[in-house]
Amino acid sequence: MVKLVCLTLPYVREKLPLERAVEGIAGAGYRYIGVGWERRSEDVLGHDPEARAVSRCRELCGEAGLTPLVVSGTGIGPPGRVQKLKGRIDVAKALGAEVIQMAGVGSYRRFPDVLLDAPEFQEAHRAYVADLKAVGPHAEQAGVVLALKPHTGNTATAKHLAQLLPEIGSPAVRACYDPGNVRFYEGISPEEDFPLIADQTCEIVAKDHRGASAEQDFPVPGEGDVDFKRIFATARQAGFRGPVIVERADGIGGPFSPEAVDARILQARRNLENVLGASGLEAEA
């Protein structure tokens, strides 16, 4: 059974508070939520499992019947990345979450036309690998997986992830596949790319995309150019069991009212349930 997770991010993009995100995600029929993408003006989860923000998040989700499954690792970089990540792992464990979703080292100073200098990128890559090696045992002991998602640089595609994971060499560090990012940033077919990393993938971000690379159009999953039936069929053949993540559903519209966000994530859930079934996978009821 595959767990469908909706991140708070669709609500954060509309500057809505955590309480409204929890309400909307529960109302749209999800059982699992991804947290840690809250607005900068709010208390974010941070790196202390005893912090009030963590207990507040746990209480809000529990009252709504939602289980936090995924935690954001976005923006956790040097200096102090090892200690920050260890703290975030402890936060995830305190919430009962299974996965910290994070990117690697990006290759752009400014996307899409200004790349980092090669020596600067390589230095950042070496530091990233060393830090994740150091964090791996802590994550493994906590039962939390660090899921590295495509976002240019050393996680850009399945090929990059397949090279990166052995460098880190930790069973607690695995791949997250994001077909929308692969289309948007790299301009290649995620359906052709994904099989290279499917057997090492612990979660799939069901981000759709429409148009050419670098075109900012991320529609409701199942309504763009990504062939999710093919993506999920590949995942099934590799023994994948989820979770599947709803991260964006904004297309080229917006701003959206809270009710419009509710409707879009509800449609995302329905679309994904249908395509998962057609692919031979089954979403939890």
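**Salt bridges, helix contacts and loops**

Me: What do the side chains of Arg110 and Asp113 do?
Reply: They meet in a salt bridge, 3.7 Å from N to O. A salt bridge here is a side-chain nitrogen of Lys or Arg within 4 Å of a carboxyl oxygen of Asp or Glu.

Me: Are Arg110 and Asp113 buried or exposed?
Reply: Both Arg110 and Asp113 are exposed. (Buried is under 20% relative accessible area, exposed over 50%, partly exposed in between, with a 1.4 Å probe and protein chains only.)

Me: What kind of model is this?
Reply: This is a predicted model, where local features need pLDDT of at least 70, side-chain atom pairs count only at pLDDT 80 or more, and totals for chains, interfaces and linings use all residues. Numbering runs from 1 along each chain as its sequence is written, and side-chain values use heavy atoms, leaving out hydrogens and water.

Me: How many salt bridges does a search of the whole structure find?
Reply: The search gives 18. One of them pairs Glu284 with Arg31, with the closest N and O atoms 3.1 Å apart.

Me: Where do Glu284 and Arg31 sit?
Reply: In distant parts of the chain, 253 residues apart. Glu284 is in the segment after α10. Arg31 is in the loop between α2 (18-27) and β2 (32-35). Those labels are DSSP runs numbered from the N terminus: helices are H or I with at least four residues, strands E with at least two.

Me: Why does Arg31 count as partly exposed?
Reply: Because its relative accessibility is 41%.

Me: Next pair. What does Lys149 form a salt bridge with?
Reply: With Asp178. Their closest N and O atoms are 2.7 Å apart. This pair also links distant parts of the chain, 29 residues apart. Lys149 is in the loop between β7 (145-148) and α6 (158-168). Asp178 is in the loop between β8 (173-177) and α7 (179-186).

Me: And which residues join them in one network?
Reply: Lys207 and Glu247, through salt bridges that share partners. Lys149 is buried at 7% relative accessibility, and Asp178 is buried at 0%.

Me: Switching to helices. At what angle do α9 and α10 cross?
Reply: Roughly 55 degrees. Their axes come within 8 Å. α9 covers residues 228-237 and α10 covers 258-278. Axes are lines fitted to C-alpha atoms over the stretch in contact, and angles run from 0 to 180 degrees between N-to-C directions.

Me: Which residues meet there?
Reply: From α9, Phe228, Lys229 and Phe232. From α10, Leu272, Val275, Leu276 and Ala278. Contact means heavy atoms within 4.5 Å.

Me: How far apart are the axes of α5 and α6?
Reply: They are 9 Å apart, and the helices pack at about 55 degrees. α5 spans residues 118-142. It contributes His125, Tyr128, Val129, Leu132 and Lys133 to the contact. α6 brings Leu164, Glu167 and Ile168.

Me: Which residues are buried in α2?
Reply: Leu18, Arg20, Ala21, Val22, Gly24 and Ile25. Their cover includes β1 (4-7), α1 (9-12), β2, α3 (52-64) and α10. After α2 comes Gly29, with a positive phi near 90 degrees.

Me: Which residue other than glycine has a positive phi near 60 degrees?
Reply: Lys15. Lys15 is in the loop between α1 and α2, and is exposed at 64% relative accessibility. Ala214 has a positive phi too, about 70 degrees. Ala214 lies in the loop between β9 and α9 and is partly exposed at 34%.

Me: What about Ser213, what is it in contact with?
Reply: Arg183, Phe184 and Gly187, leaving aside neighbours within four places in sequence. Ser213 is in the loop between β9 (201-205) and α9.

Me: Last topic. Which peptide bond has omega near 0 degrees?
Reply: The bond from Pro78 to Pro79, which is cis. Pro79 is in the loop between β3 (67-72) and α4 (81-95). Another cis bond joins Gly254 and Pro255, with omega about 0 degrees. Pro255 is in the loop between β10 (244-246) and α10. In general, most peptide bonds are trans.
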